[in-house]
Amino acid sequence: MITTPCGHEWIVFLTQQVEEQSLDTALITAVSGLPEINVFALYINKHFDPQISPTLLNADSQIAPLSPVELMHLLEKVSKNKIRVSCAFAGVTTYVPMYYLGTVIGLLIVESKDELPEDVGMLARHILNVYANQLALIHKSRLDPLTELLNRQTFDKKVIEILSEEDFSGKGEISTENQSWYLAIIDIDHFKRVNDNFGHVIGDEVILLVSRLLKDNFRFKDYVFRYGGEEFAVLFQSYDKVAARQKLNCLRANIAEYPFPQVGNLTVSAGFLELSYVDMVASLVHKADLALYESKNNGRNLVTAYSDLGLVDDIANDDDIELF
């Protein structure tokens with residue numbers, strides 16, 4: 001694709017992307033297509049959180065990776081200047097910030113022999129900001145409107161994404177920690193009584209507060225979903241079943257102790273399992289549900305692992321499994 005002086009084709013191309021991965025690829029391609037930009041590194045904070053350091057988007061960059069401390073220092077500098085240029089004997093380094101709602105969330109670093117023309121730097125900043133807006137729209141489309149947790153449709157995609165990894169059991173970006181993925185289904189106990197006794201407005205407030213407790217209990221790299229109604233799903237990583245159960249029991253205890261306005265105390269029940277082999281999404285949810293039902297049938301306010309049920313899985317050949 002040939003870039004016009006205003007970059008119109010790239011802007012259209014970026015705004016046509018509806019998946020995060022394709023949007024990332026489009027941004028890398030767009031920056032690569034800008035004149036006089038050959039050696040560059042793209043750092044993006046996809047959490048839109050100023051306390052979290054950006055991560056490198058183009059892993060094949062020829063520029064040596066920066067540490068989180070170095071990146072946060074650079075972000076602070078470029079936030080005061082829209083484009084920052086540093087000259088040295090070996091050449092010029094240009095730092096182009098990416099903004100979202102007035103906050104710097106990313107950075108394009110360009111190394112070149114000479115200083116970039118002003119129009120190229122401005123076009124690069126424009127493309128970065130279009131990317132940031134499109135990324136935010138994609139993120140919002142994944143969220144449940146009440147709780148701002150990830151929604152049911154995103155849950156199915158995320159499970160498939162995890163199971164599709166070459167080795168999905170925690171040996172990706174945190175391989176040194178030797179963690180595995182776990183799926184938990186969590187349900188608010190006797191929630192119908194809340195709606196019946198206090199009305200749906202209070203019921204929605206309860207769901208919102210439980211959602212916040214869920215977010216606080218898990219890490220930003222875990223995935224928390226509103227699965228439907230008063231039911232939630234979590235995809236998280238843990239060292240083993242004992243640690244996973246402990247994490248869920250900590251959540252259960254925090255919710256049981258929380259004073260919900262007007263309602264008082266509430267409890268949740270949970271069922272969970274390790275994602276130890278490739279299986280259909282519906283099958284994995286069914287197993288987590290069986291464990292959840294066991295918690296409900298044994299008095300509620302409990303956490304049960306699917307492996308506690310003593311059921312024998314009929315494990316199909318991976319080649320025969322469709323993940324959806």
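**View 1. Contact between helices α5 and α9.** In α5, the residues Phe155, Asp156, Val159, Ile160 and Leu163 meet Val281, Leu284 and Val285 of α9; contact means heavy atoms within 4.5 Å. By class, this contact has 7 nonpolar, no polar and 1 charged residues (Ala, Val, Leu, Ile, Met, Phe, Trp, Tyr, Cys and Pro count as nonpolar, Asp, Glu, Lys and Arg as charged, and the others, Gly among them, as polar). The model is predicted: local features need pLDDT of at least 70, side-chain atom pairs count only at pLDDT 80 or more, and totals for chains, interfaces and linings use all residues. Residues are numbered from 1 along each chain as its sequence is written, and side-chain values use heavy atoms, with hydrogens and water left out.

**View 2. Crossing of α5 and α9.** The axes of α5 (residues 152–164) and α9 (residues 281–297) come within 10 Å and cross at roughly 105 degrees. Axes are lines fitted to C-alpha atoms, for helices over the stretch in contact, and angles run from 0 to 180 degrees between N-to-C directions. The two helices α5 and α9 are therefore roughly perpendicular (65 to 115 degrees).

**View 3. The buried side of helix α2.** Glu20, Leu23, Asp24, Ala26, Leu27, Ala30 and Val31 are the buried residues of α2 (under 20% relative accessible area, 1.4 Å probe, protein chains only). They cover an arc of only 160 degrees around the axis, which puts them on the same side of α2; the arc is that of the directions from the helix axis to the C-beta atoms. The buried residues of α2 pack against α1 (8–15), β1 (39–44), β4 (91–100), β5 (103–112) and α4 (118–141).

Key: Buried means under 20% relative accessible area, exposed over 50%, partly exposed in between (1.4 Å probe, protein chains only). Helices (H or I, at least four residues) and strands (E, at least two) are DSSP runs, numbered from the N terminus. Angles under 35 degrees count as roughly parallel, over 145 as roughly antiparallel, 65 to 115 as roughly perpendicular and the rest as oblique.
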